[in-house]
Amino acid sequence: MSVKLGIPSKGRLMEATFDWFAARGMELIRTGTEREYAAEVRGARGIDLVLLSAGEIPQELAKGRIALGVTGSDVVCEKIADWETRIGVLAPMGFGHANLVIAVPKAWVDVRDLGDLDAVAAQFRRTHGIRLRIATKYHRLVRAALKAAGVADYQIVDSQGATEGTVANLTAEAIADITSTGATLEANHLKIIGDVIHASQATLFRSRVAMLDEREGADLSAFLDKIGVAPG
């Protein structure tokens, strides 16, 4: 058997991950076409490279099917309820930065923070008889942030696509989404309110539940030592 390292299978996140490991003396390469999802690690014994979607990696770590994984910290925190018990943070990687924020129409000039949003939500329910809708794919993180701020009169609208457009399309009154520059929010006449819910970046994670034998444990330790990462 071998130690499995899962990384994103495409895009800038994959390329930046390759560069991050290369800078630490570990060459990650694709060995087939883009459709084959075949890859390998050169420079380390007993490490198998597995190409997965960024969204799959948290579940694979949490179930112990891969020992190491690279994905955004927002994806882990959102997808795995008790992630700290099953997944450990080894190293923030310094790229893929984005913030999960709540945004409302710019026309809401008096709404600046979540306290203001709570007041608007309460008034919205009194006026319309329904709860104010917040479109997001980050249900767990957003509910936790709103609960902590005491916001109650809202409902989550699931959005897996162009979340910023839901307000203009009249399917939501506000949104919660990841942004790196804020340009898309600006283009859709939205403004950020309150604090950042989660500051995300690409992170190297370790499964706390993966079952490794003595040799696999030694290979994992040697791999982490070579890239200069503490075992956690």
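Which side chain makes a polar contact with the side chain of Ser159? The side chain of Thr163 does, at 2.9 Å. A polar contact is a pair of N or O atoms within 3.5 Å; within protein, one must be able to donate a hydrogen and the other to accept it, and residues adjacent in sequence count only if both atoms are side-chain atoms.

This is a predicted model: local features need pLDDT of at least 70, side-chain atom pairs count only at pLDDT 80 or more, and totals for chains, interfaces and linings use all residues. Residues are numbered from 1 along each chain as its sequence is written, and side-chain values use heavy atoms, with hydrogens and water left out.

**The chain overall**

- The chain has eight helices and twelve strands. Helices (H or I, at least four residues) and strands (E, at least two) are DSSP runs, numbered from the N terminus.
- The C-alpha trace spans about 65 × 35 × 25 Å along its principal axes.
- Of the 232 residues, 46% count as buried. Buried means under 20% relative accessible area, exposed over 50%, and partly exposed in between (1.4 Å probe, protein chains only).
- The chain exposes about 11,700 Å². Carbon and sulfur atoms supply 50% of that area. Accessible areas come from the Shrake-Rupley method with a 1.4 Å probe; for residues, only the protein chains shown count as cover.
- Take the contacts between residues at least 6 apart in sequence: 68% of them join residues at least 24 apart. Contact means heavy atoms within 4.5 Å.

**Strand β5 and its partners**

- Strand β5 covers residues 68-72, and five of its five residues are buried.
- Strand β1 (residues 3-8) runs parallel to β5, joined by two bridges. Two strands pair if DSSP finds at least two bridges between them. Here Leu5 stands opposite Leu68.
- Strand β12 (residues 202-207) runs antiparallel to β5, joined by five bridges. Here Gly72 stands opposite Ala202.

**Helix α8**

- Helix α8 has 13 residues, 214-226. From first C-alpha to last it reaches 18 Å, close to the 18 Å expected at 1.5 Å a residue. The expected span is 1.5 Å times one less than the number of residues.
- Glu216, Asp219, Leu220, Phe223 and Leu224 are buried in α8. Seen down the helix axis, the buried residues fall within an arc of 130°, so they line one face. The arc is that of the directions from the helix axis to the C-beta atoms.
- Glu214 and Asp225 are exposed on the other side of α8.
- Asp213 caps the N-terminal end: a side-chain oxygen lies 3.1 Å from the backbone nitrogen of Arg215.
- Gly228 follows α8 and has a positive phi, near 75°.

**Ser159 in its loop**

- Ser159 sits in the loop between β9 (154-158) and β10 (174-179).
- Ser159 counts as buried because its relative accessibility is 7%.
- Leaving aside neighbours within four places in sequence, Ser159 is in contact with Ala135, Thr136, Lys137 and Thr166.

**Positive phi outside glycine**

- Leu170 has a positive phi near 65°, though it is not a glycine. Leu170 is also in the loop between β9 and β10. Leu170 counts as exposed because its relative accessible area is 66%.
- His189 is not a glycine either, and its phi is positive, about 60°. His189 lies in the loop between α7 (183-187) and β11 (190-200). At 58% relative accessibility, His189 is exposed.
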